[in-house]
Structure formats: structure tokens, C-alpha cells
Amino acid sequence: MPWPWNKKNDGVDMKPLETITVLEFSTMITASLASMMLAEQGARVIKVEPMAMGDPMRYIGSRKEDISALFANCNRGKESLRIDLKSELGIQVIKDMMPSVDIVIHNFRPGVMDRIGLGSEALRALNPKLIYAAISGFGTTGPMRDAPAYDPIIQAHAGIAATQGQGDQPAFMRTLLCDKITGYTACQAVTSALFMRERTGMGQHIDLSMIDSGLFFIFLDGFQNHTLLSDDHERAGMLIDILYDPWVCSDGGVVISAGSYEMQKRFLTSIDMPHLLDDPRFATFENQMRHIQTLKALVAERCKELSCDDMVARLRAVDVPCAKVMTREEVLAQAQLEANGCVDVYDHPIAGKSRRILAPPMFGGERLQPGTGAPGHGEHSQQVLESFGLSDTTIDELKAKAVVT
């Protein structure tokens, strides 16, 4: 069945968040990713960028002109408004837009937007239906309120580095994990506020910090031994210590998720080591988990004798969940991804031929098609201002005063 909103009355495809307008004030990942996901679901997202260089993410890593790969991945489907927010005229232009805006989202430090006149109270006074989402690193109160926040800093503070490490040696997730999970959390919070607005007619202020988002994300499994606080509870090995070490084969690594005694039995039998099941230490699943490191050490030498393909074939033949640890090139070449239709290659007007991953949700069995690629700096200033009712004369005056370009 097609999902109920997938067609307008005139037969044109429609996305869930069409008619919603978002103003994004941000640099780097968190707010950019959140608003990109809103854009993928149909919202009009206007990225408000400063005059000099815009979002510095434009120039980090692989890039062509002012479109880096990172910027392209976080900002597709948006319009770019290049405006001077250090001028009273620029601030007034933003305020004049407010009656037609549904969501404002930013990731500046606490107090910055208030100081320039674009804080939550000021803008929601102009539009009581406005949803205002403020993302910070550590929150709006407390001793680290004003501290700079970057992903590895938050990984350290949220316990992610401790969770990934072995023993007393911390390790970091080599990805912008806290940035991204904060973006996802912000997107969920904003859409929840949109639903509440449908019920009440009123907007909402949302505060969200990276440290809270990171800890909330890692806590359910990473803090298993810091959850139950009664003295009489039984402590056990961490699930993450069992699942995530790859088995080293002769030509790479294989990861195995044998989460029951029957699976462990089939695993050991398939690699010609069923005799281990006669050892009292491994005769039950509970005992296996209690002596998991010993079991892994015994099996490790056998795995080194097998190739990845041989190991995977043996395990899949007896229905033990497993996978070869793939390279990035192997990931993108998977037949499963082709079947899912989630990898797309397109032509960007500035960056040229580019790859993108389409939004995961499918509505009524149909994948939402992406909008345009990421915008050039100030690419849409003229048309954005026109769409909010500014005359050509007014826009020309703003350009002459270098308030917009």
C-alpha cells in the first residue's frame, strides 16, 4: 500500500515534511546533519552562513572549490543564505523572516544567539508557533557550559573512549560519533515538537547537549556494570567484550555473533573443534560466557588456519551469524546495497560526479528521493530573500551595504 501522503491532489510526489521551513545557523556537523535529514524528508532548509567563508566545513578534507565531501554529505538539499549577522540590518532581515519559519536550529555556544538578538525568547515572541532547537556541547549550565566541544572531547567525557578501550587503555571511535548521534537526536526532538504543535498550536524551545546525547547513546550497553546498584546483583562480562573482537583468519578478519549455546556448539563443530564442548568450562553457555577469554584464545589458533571465505562459508552453512570484515571498497560493492537501492551517484554542479547514501526510511515501501546537492556559499541568497517578500530594490540595497551577497 502506498503511504497516505505520498501523492498530492495533483498527482505530484509529496514528502512528509513538505510545507515546513527551517532556518539553520551552524558550523560543522550536529545541526547541519539534523537539518539535512529534515530536508531529505521534504522540509525547506535555509542554511544561514556568515559572509567571509561560510561554514568552515566547506574546506575540510577532500573538496572541489567550496564543496568538501564532508560538507556535501551534511548539507544536501539546502539553500544557502549569505548574510552579515554582525550588522543590525542582517539581524532585522532574519527577524522579518520569522513569521514564515517553522524551525530554527543552531549549534552555537550558550548565549551567542541571545547576544546577537536571535535567541529563543526574541524569535518566539515574533512567532509563537516557532520550534527553536539549541544544540550545545555540554549544556546551558554547569562548569563546562562555555567549554569548546568537538567530537573526541565529548567521546572522552561521555565514556565512549573508556567503553571502546581494553583495560585501562581508552580508545576512540574513529568517526564523528557524538556529532552524528546528537544530530539524529535533534532531528527526532524537532519532529516530536512538530507533532506537539499540531496538537496544541504552540511552538517549543528545545535544549540539547552533545554530552547528554553521547552518554544516552552509549549507556544501555556500555554501562551495563554501572546500571544495577543493589549490592546483591550478579556482575557479568560485558556484551560488547564478547561480540566485537574479530577473529583473525589467514587473510583478514571475521566477526561472529553466536549468542546462544546452540550457536556456539554449531560454531565450534563447524571449525572442527567440537571437543571443546567436553571441557566443563565450555559445557554450558553460562560457563562459556564466564570463561569467554579462555575460549577465544583456544579457538584463535584454529581460525588463523582458515581463510575468511572458508570461515564464513562454514559458519553460514550451519546458520551462525557472521561476516567478513570488509574494506570500504568492498562495502560499497555489496550486492545487498545494490538491491536496497541506497547508494546513489549524481552530478553536482560544483563538485562534479559524487556519491551519496540515500535516507534510510522507506515510506510505504518507497524510498524518498534526495533533493539537490549541497549549495555553494550564498548560492540562494537572492531567491531566498525574494521568497520571503523582499523587493528587488530592498535586496539591491542590502547587497550595496554588503549585508548579503
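## Aspartate 55

A polar contact is a pair of N or O atoms within 3.5 Å; within protein, one must be able to donate a hydrogen and the other to accept it. This is a predicted model. In it, the backbone nitrogen of methionine 57 lies 2.9 Å from a polar atom of the aspartate 55 side chain. The side chain of aspartate 55 also makes a polar contact of 3.1 Å with the side chain of lysine 47.

Aspartate 55 sits in a loop, between strand E2 (44-49) and strand E3 (63-64). Its relative accessible area is 0%. Buried means under 20%, so aspartate 55 counts as buried. Leaving aside neighbours within four places in sequence, aspartate 55 contacts Ser26, Thr27, Met28, Ser32, Lys47, Glu49 and Phe71.

## Helix H1

Ser32, one of those contacts of aspartate 55, is among the buried residues of H1. The helix is mostly covered: 11 of its 11 residues are buried. Among them are Thr30, Leu33, Met36, Leu38 and Glu40. Just after H1, glycine 42 takes a positive phi of about 110 degrees.

## Nonpolar cores

In soluble globular proteins, nonpolar side chains tend to be buried together. The largest nonpolar core here has 33 residues. Ile20, Val22, Leu38, Ala43, Ile103, Ile105 and Ile206 touch the most other members. At least two residues of this core come from each of helix H1 (30-40), helix H2 (69-75), strand E6 (103-106), strand E7 (131-136), helix H8 (177-200) and strand E8 (204-209). H1 gives the most, with 7 residues.

Alanine 43 touches Leu17, Glu18, Ile20, Val22 and Leu38, not counting residues up to four places away in sequence. Another core lies apart from the largest one. This other core has 28 residues, including Val48, Leu81, Ile83 and Val104.

## The E9-E10-E11 sheet

Strands of a sheet pair through backbone hydrogen bonds, either parallel or antiparallel. An open sheet of 3 strands runs in the order E9-E10-E11, and its pairing is antiparallel. Strand E9 (247-249) and strand E11 (322-324) stand at the edges. Each has a single partner strand, so one side of each is left without a neighbour in the sheet. From one strand to the next, the twist averages 25 degrees.

Strand E10 (residues 252-256) is joined to E11 by 3 bridges, and the two run antiparallel. Opposite valine 254 stands lysine 324 in E11.

Technical notes:
Residues numbered from 1 in each chain as written. Predicted model: local features only at pLDDT ≥ 70, side-chain atom pairs only at ≥ 80, totals over all residues. Heavy atoms only, no water. Pairing = 2+ DSSP bridges. Helix = DSSP H or I, 4+ residues; strand = E, 2+ residues; numbered from the N terminus. Axes fitted to C-alpha atoms, helices over the stretch in contact; angles between N-to-C directions. Core = buried A, V, L, I, M, F, W, Y, C linked by side-chain atoms within 4.5 Å. Buried < 20%, exposed > 50% of the residue type's maximum accessible area, 1.4 Å probe, protein only. Contact = heavy atoms within 4.5 Å.
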